[in-house]
Amino acid sequence: MLKVLVSACLMGRRVRYDGRAKTVEDDALDRWRAEGRLVVHCPEIAGGLAVPRPPAEIEPGADADAVLDGRARILTPDRVDVSDHFVSGARSALATAQAHGAVMAILKESSPSCGSHEVYDGTFGGRKVPGAGVTARLLAERGVAVFNEDQIAEAVAHLEGLEGSERPGEP
């Protein structure tokens, strides 16, 4: 059975920087949970960050690739560099996905870890820019399809397509 890595905050765990969850109620997630497909993971906690913690953003003008390569940082509003925690957490998420055979992930959009289409711009002004977080970027570059909480229907179709390709000769 193919597995799905999912952000812990989307599953109701209070692991976000502000000590809250961003629980997503969805029939597909409920079904996958009952089937034992979900691998729940928080890269920021796995990377050693506490709950609660200061918010963090990729520094202005940089992207996840630059952070992963050590050319840019993830900072708190007080300019504390927390990049190592985020990179460690991204590597942990990849290792967890690989250990469980997760072929795709559903991650929390806009996070410097998990954002897949947009992240905050690094100024702590609430503005978002196109881009990915470090976990989403690392997973995607290693072949794990990444979706956000607003793309669950697409994730369902992707998983069904993968499972269909595993059953040659069946319609």
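Thr76 is found in the loop between strand S4 (74–75) and helix H4 (83–100); helices (H or I, at least four residues) and strands (E, at least two) are DSSP runs, numbered from the N terminus. The model is predicted, so local features need pLDDT of at least 70 and side-chain atom pairs count only at pLDDT 80 or more, while totals for chains, interfaces and linings use all residues. Residues are numbered from 1 along each chain as its sequence is written, and side-chain values use heavy atoms, with hydrogens and water left out.

Thr76 has a relative accessible area of 7% and is therefore buried (buried means under 20% relative accessible area, exposed over 50%, partly exposed in between, with a 1.4 Å probe and protein chains only). Apart from neighbours within four places in sequence, the residues in contact with Thr76 are Pro54, Pro55, Ala56, Val82 and Phe124, where contact means heavy atoms within 4.5 Å. Phe124 belongs to the loop between S6 and strand S7 (128–130). Its phi is positive, near 60°, in a residue other than glycine. With 31% relative accessibility, Phe124 counts as partly exposed.

The chain contains six helices and eight strands. In sequence order these follow the pattern β-α-β-α-β-α-β-α-β-β-β-α-β-α. The radius of gyration of the chain is 16 Å, which agrees with the value near 16 Å for a compact globule of 171 residues; the radius is taken over C-alpha atoms, and the globule rule is 2.2 Å times the number of residues to the power 0.38. The C-alpha trace spans about 55 × 30 × 25 Å along its principal axes. Of the 171 residues in the chain, 49% are buried. Among contacts between residues at least 6 apart in sequence, 64% join residues at least 24 apart.

Strand S5 (residues 102–107) is paired with S8 in the parallel sense over four bridges, and strand S1 (residues 3–7) also runs parallel to S5, joined by four bridges. Two strands pair if DSSP finds at least two bridges between them. Ala105 stands opposite Val146 in S8, and Val6 stands opposite Ile106 in S5. Five of the six residues of S5 are buried, so this strand is largely enclosed by the rest of the structure. In a regular strand the side chains alternate between the two faces of the sheet. In S8 (residues 145–148) both faces are covered, with Ala145 and Phe147 buried on one side and Val146 and Asn148 buried on the other. Helix H5 (residues 134–141) has Val134, Thr135, Ala136, Leu138 and Leu139 buried. Gly143, with a positive phi near 95°, follows H5.

Ile45 lies in helix H2 (residues 43–46) and is partly exposed, with a relative accessible area of 34%. Beyond its neighbours within four places in sequence, Ile45 is in contact with Val15, Val51 and Arg53. Ile45 and Val15 are 30 residues apart along the chain, and their C-alpha atoms are separated by 7.2 Å. Val51 is joined to Pro52 by a cis peptide bond with omega of about -10°. Pro52 lies in the loop between H2 and S3.

The largest pocket holds about 480 Å³ of space. Among the 27 residues that line this pocket, Arg16, Tyr17, Ser111, Pro112 and Tyr120 are the closest to its centre. On a 1 Å grid over the protein atoms alone, a cavity is a set of points where a 1.4 Å probe fits but cannot get out, and a pocket is an open set with protein on both sides within 12 Å along at least five of seven lines; lining residues have an atom within 4 Å of a point. Grid points are joined across faces, edges and corners, and a volume is the space filled by probe spheres set on the points. The pocket lining has 14 nonpolar, five polar and eight charged residues.

One cavity of 30 Å³ or more is counted. The largest cavity, with a volume of about 30 Å³, is lined by Ala56, Glu57, Ile58, Ser110, Ser111, Pro112, Val119 and Tyr120. Strand S3 (57–58) and strand S6 (118–120) each give two or more residues to this lining. Ser110, located in the loop between S5 and S6, has a positive phi of about 80° although it is not a glycine. Ser110 counts as buried at 8% relative accessibility.

How values were computed:
Ala, Val, Leu, Ile, Met, Phe, Trp, Tyr, Cys and Pro count as nonpolar, Asp, Glu, Lys and Arg as charged, and the others, Gly among them, as polar.
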